[in-house]
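Trainee: I would be grateful for a close look at a single part of this structure. Could one set of paired strands be described, together with the residues placed on it and in its turns?

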Amino acid sequence: MTEWNERRIIAAPIEKVWALFSDEQLQSIMPGLEQHELVEGPPNHVGSKYIQRNRFGNRLVSYVMEITAYEDQPERKQKDIGFVAAGLFRITLSFGLTKLDDRQTLFVYSGSNTGVNLLGRTLLKIDPQNSSRQEAEELMARVAKSAEEGS
């Protein structure tokens, strides 16, 4: 299993950062995401499900993503999701925002990548680059860049 818990202060208001996680803007911070379509439940509610297609290099992976936690308060925002990718990996992601002041937001991105079978566990063990952590760092940078532009 791979886990991460990254923190970053973003020089932008919490609402501007939170908007990047909306259904309409999600692809701006996840450029490999080719499809994000609501298939069950209302948008942004616990239990809502989305079909997603995500490109990893030359591979296109499809899965059903479920919202497992959701909070949208003026001072705190949280969106947790989970899915099984390629029948190999159970991935959980948590995007948390805390308002520090009118111009700064603390962004906490945590998650885990667990092999669901022998092949998945083996692939995680032989990942010398620890690609899940690298992807987490890249997402943090994209969120900061997108939110801070024009702030």
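Mentor: The following account concerns strands β5, β6 and β7 and some residues found there. The model is predicted, and residues are numbered from 1 along each chain as its sequence is written. Local features need pLDDT of at least 70, side-chain atom pairs count only at pLDDT 80 or more, totals for chains, interfaces and linings use all residues, and side-chain values use heavy atoms, with hydrogens and water left out.

Helices (H or I, at least four residues) and strands (E, at least two) are DSSP runs, numbered from the N terminus. Two strands are said to pair if DSSP finds at least two bridges between them. Strand β6 covers residues 89-101 and pairs with strand β5, residues 76-85, in the antiparallel sense over 10 bridges. β6 also pairs in the antiparallel sense with strand β7, residues 104-115, here over 12 bridges. F95 in β6 illustrates both pairings: K79 stands opposite F95, and F95 stands opposite Y109 in β7.

S94 also belongs to strand β6. S94 is buried, with a relative accessible area of 13%; buried means under 20% relative accessible area, exposed over 50%, and partly exposed in between (1.4 Å probe, protein chains only). With D80, the side chain of S94 makes a polar contact of 2.7 Å. A polar contact is a pair of N or O atoms within 3.5 Å; within protein, one must be able to donate a hydrogen and the other to accept it, and residues adjacent in sequence count only if both atoms are side-chain atoms.

The turns come next. β6 and β7 form a hairpin with two residues between them, whereas the hairpin of β5 and β6 has three residues between the strands. A86 lies in the loop between β5 and β6 and is partly exposed, with a relative accessible area of 40%. Most residues other than glycine have a negative phi. A86, although not a glycine, has a positive phi of about 60°. N44 is likewise not a glycine and has a positive phi, of about 55°; N44 is found in the loop between β2 (33-40) and β3 (49-56).
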